[in-house]
Amino acid sequence: MTSYQSQLGEGEGIAEELAESQRSISIAEFFEKNKHMLGFDSGARGLVTAVKEAVDNALDACEEAGIAPDIYVEIQEAGDYYRLIVEDNGPGITKEQIPKVFGKLLYGSRFHAREQSRGQQGIGISAAVLYSQLTSGKPAKITSRTKGGADAEYFELIIDTDTNEPEIDVEETTTWERPHGTRIEMEMEANMRARNQLHDYIKDTAVVNPHARIELREPSEHMKYERVTDQLPAETEEIRPHPHGVELGTLIKMLDATDSYSVSGFLQNEFTRVGGKTSDSVIDNFRDRHFGREMSWTPPKSHEPADVARALDAAVANKGAEATAEFADRVADALDGYDRVAHHEFVDLVDDVADDIEDKHDVTFGSTVRENACEAGWGAVVGAGDAVGVDEDADEYEQLRSDLYAVVDEVTTTQKDDATVQGIADRLAPKFGDSDDPRHRLTRDEIREFVRRAADATEEYDDATFGETARENVVEALWERARGVPDDPPNVTEIAGDRDASSELLDAMRETDIIAPPTDCLSPIESDLIEEGLRKEYDADFYAASTRDASVHGGDPFIVEAGLAYGGDVEAEGKAEVMRFANRVPLVYQRGACATTDVVKQINWRNYNLDQPGGSGIPNGPVVIMVHVASTNVPFTSESKDAVANVPELESEIELAMREAARELKSFLKKRRSMQQRREKQDKLATILPEMAEKLSAVTDNDELDIDDTLARIMNNVLVERQRDGDTVRLVIENNSDRAAEVEITDIVAGSEPVLANGDASVVEMDGEWFVKWSTSVSAGDEAALEYDAGADAEFDISVEGIEDERVTIDA
Ligand SMILES: Nc1ncnc2c1ncn2[C@@H]1O[C@H](COP(=O)(O)OP(=O)(O)OP(=O)(O)O)[C@@H](O)[C@H]1O
């Protein structure tokens with residue numbers, strides 16, 4: 001403000017002077033100044049971001065073309081700059097597209113596609129080109145060969161930031177040894193200070209993309225990740241938008257663009273998950289908003305002051321006494337069968353009876369006659385004071401009053417005294433009765449306004465209270481009582497031209513229950529591959545993974561997956577490592593701004609037996625926590641796609657996925673703890689028992705106790721014991737525990753061939769040794785035995801599987 005004041009003259013003409021300095025800004029100019037928004041805020045980070053953009057594109061392109069990705073990344077020192085080269089074996093890019101893909105921001109194939117892909121905005125690679133030209137002044141060099149193409153195309157280009165259009169320096173045909181694929185070479189001001197992040201990005205990309213071969217050669221290191229599987233991620237399907245996910249502007253654009261004439265056709269053709277039934281529900285909801293509903297009333301009974309037959313009779317002239325009387329009586333009789341009637345139902349009834357009377361009496365009930373009859377009859381139904389058929393001395397809208405009294409009474413608590421209920425009903429009745437629309441067609445908001453005014457007046461004049469809940473209950477009860485109208489909705493063009501109607505349609509879509517979008521547009525990693533990926537990277541004691549069912553945020557489906565690795569070689573000092581992924585892309589920066597990190601911090605990890613000082617924050621210890629969010633539209637906090645935004649639906653799924661994996665960790669740790677305690681106890685017993693046994697035998701003069709036997713009993717262990725009687729070998733399993741034990745024994749016998757005497761086992765000879773294999777189940781408290789003969793020279797080496805080491809005592 002101050003600066004303008006000092007520059008500009010006083011008074012008039014300031015706007016004109018300002019106007020001279022106002023001009024539009026091209027998107028390229030904008031990002032030139034705001035590089036940080038795209039992840040190019042420093043040389044170190046810029047290099048990582050450029051690698052990430054190029055590799056993500058390469059993976060996307062290969063997968064789309066069904067090609068197992070083969071990606072080569074090289075970083076070279078080039079004088080004052082660094083040269084980045086990324087090559088892929090993807091489908092290549094056509095000659096016409098190359099300049100736009102690399103030389104124009106916001107140009108891409110994925111922005112409009114509702115399909116899971118790494119790229120979303122069409123900014124990534126052109127932003128890298130922009131960054132490189134800005135810092136080194138050199139053009140990007142692109143080589144691309146399409147599948148089946150005889151030659152490759154070669155371009156050198158920069159982005160004209162004024163126009164956001166490519167400026168081509170060199171364009172020629174060239175040879176390239178790759179049969180298809182794309183190569184980009186850029187020079188930029190950079191440094192290798194973010195080497196760790198770069199390595200993490202490459203390593204983590206390999207973990208979640210086991211179908212890709214990725215090689216990185218940088219000035220001081222060379223890393224190569226081989227393909228683990230030829231299986232490409234399941235192909236994803238593009239989906240139409242979900243009705244719960246569009247904004248008003250998008251809806252209006254879609255209404256303008258559609259070929260459908262009717263709303264029903266529009267809904268079914270343009271949206272996913274909308275069939276005939278769902279579109280009917282949406283249209284019903286739309287009608288409620290657009291036309292309102294018609295209030296229904298209890299028709300007057302014979303003892304009440306209104307006489308519908310008399311009103312109808314008086315309204316019909318010149319149709320003959322007999323036909324008129326029958327018409328009036330039949331409508332009144334039919335009305336008796338109605339609990340409640342709305343205006344359009346009454347009109348239908350009058351029409352039906354009039355048609356019958358026309359046939360029977362050979363008279364014509366034209367539209368004017370019918371309209372008059374409807375008007376008079378409806379006046380009597382609602383007890384209007386001036387209506388024919390309503391007793392002159394009856395209170396006006398007596399009929400509505402008693403009806404409304406019943407409604408208000410039913411939905412208010414007994415704390416409201418009769419006078420208050422009556423007060424509300426008395427004040428509501430004339431609002432309906434005198435409303436501009438004699439059909440009593442009202443929107444929910446109009447009903448709410450009636451109730452508000454009636455309740456305010458009752459509070460003011462009757463010294464009563466009628467709070468928000470009571471008011472809302474009455475509104476709801478009245479809305480429920482009102483009937484949806486049968487009018488046809490406006491067609492698509494009419495709605496498109498009417499902002500209010502479009503907004504009503506949007507509200508109707510959002511209010512209708514519609515099943516979640518299909519998930520074949522998503523490609524989660526799946527829990528077994530997550531576990532495998534973690535296993536490949538971390539030599540841990542325990543792994544767990546979970547993949548949640550799909551959910552929706554803003555109309556886009558998403559799936560959250562979580563994985564945990566614990567113990568073993570995982571770094572035990574300090575905080576757990578949190579690995580974040582979105583659409584199979586590792587998120588390297590902005591850990592603290594990510595919803596994933598927030599959720600990890602909020603979980604009480606102590607509940608899962610992990611160390612968490614203060615009960616919140618990232619847990620301590622040898623843990624790796626991995627989270628993957630897959631969506632057709634991952635909500636990132638910025639264009640640099642480093643952090644997932646705090647969307648509540650997402651956060652809740654992230655939490656559930658992590659808790660699922662953490663529950664498994666908890667039972668592992670619990671078991672491990674109890675095994676440790678067991679081991680400690682056994683160690684103590686193993687020291688004490690022999691001493692006790694020795695003393696006992698000295699005192700009693702008896703043979704020494706069988707320690708193993710005693711130990712197994714005290715510890716409730718499964719005891720595996722070898723007994724020998726001459727050539728007979730007896731293996732005995734004694735189950736001292738309180739549950740059945742599935743035991744697999746392998747007894748390797750050397751020196752003498754074992755011959756089975758009884759029991760269900762097998763003997764296999766290998767290199768002069770015999771493997772006696774015995775699998776059996778022993779119930780709690782039971783025993784099982786296997787007998788075989790072996791010579792006196794036989795030597796044995798037994799191993800027991802199926803039970804944890806801490807639960808078994810071997811005396812063999
Ligand atoms: N290596 C490649 N092979 C084939 N096509 C590519 C390659 N790189 C980019 N493209 C095409 O160029 C488009 C633009 O890529 P760009 O990185 O600018 O944006 P994006 O990947 O769509 O989205 P984002 O801005 O989120 O990265 C892509 O959508 C894709 O169609």
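Predicted model: local features only at pLDDT ≥ 70, side-chain atom pairs only at ≥ 80, totals over all residues.
Modeller: A residue is near a molecule if its C-beta atom, placed from the backbone, lies within 6 Å of it.

Colleague: Which residues come nearest to the ligand?

Modeller: There are 20 residues around the ligand, and Asn57, Ala61, Gly108, Gly119 and Gly124 come nearest.

Colleague: Which helices each supply at least two residues of the shell?

Modeller: These are helix H4 (43-64) and helix H6 (124-136). H4 provides the largest share of the shell, four residues.

Colleague: Let us turn to helix packing. At what angle do H17 and H18 pack?

Modeller: Angles of 65 to 115 degrees count as roughly perpendicular and those over 145 as roughly antiparallel. Helix H17 (residues 444-462) and helix H18 (residues 468-481) pack at about 135°, their axes 9 Å apart; the two are therefore oblique to each other. Their crossing is right-handed.

Colleague: Which residues make the contact?

Modeller: H17 contributes Arg444, Ile447, Arg448, Val451, Arg452 and Ala455, while H18 contributes Arg471, Val474, Val475, Leu478 and Trp479. By class, this contact has seven nonpolar and four charged residues, with no polar ones.

Colleague: How many helices and strands does the chain have, and what percentage of its residues count as buried?

Modeller: The chain has 24 helices and 26 strands. Of its 812 residues, 41% count as buried. Among contacts with a separation of 6 or more, 70% join residues 24 or more positions apart.

Note on methods
Residues numbered from 1 in each chain as written. Axes fitted to C-alpha atoms, helices over the stretch in contact; angles between N-to-C directions. Parallel < 35°, antiparallel > 145°, perpendicular 65-115°, else oblique. Left-handed = near helix turned anticlockwise from the far one by under 90°. Contact = placed C-beta atoms within 7 Å. Nonpolar A, V, L, I, M, F, W, Y, C, P; charged D, E, K, R; others polar. Buried ≥ 20, exposed ≤ 12 C-beta atoms within 10 Å, placed from the backbone.
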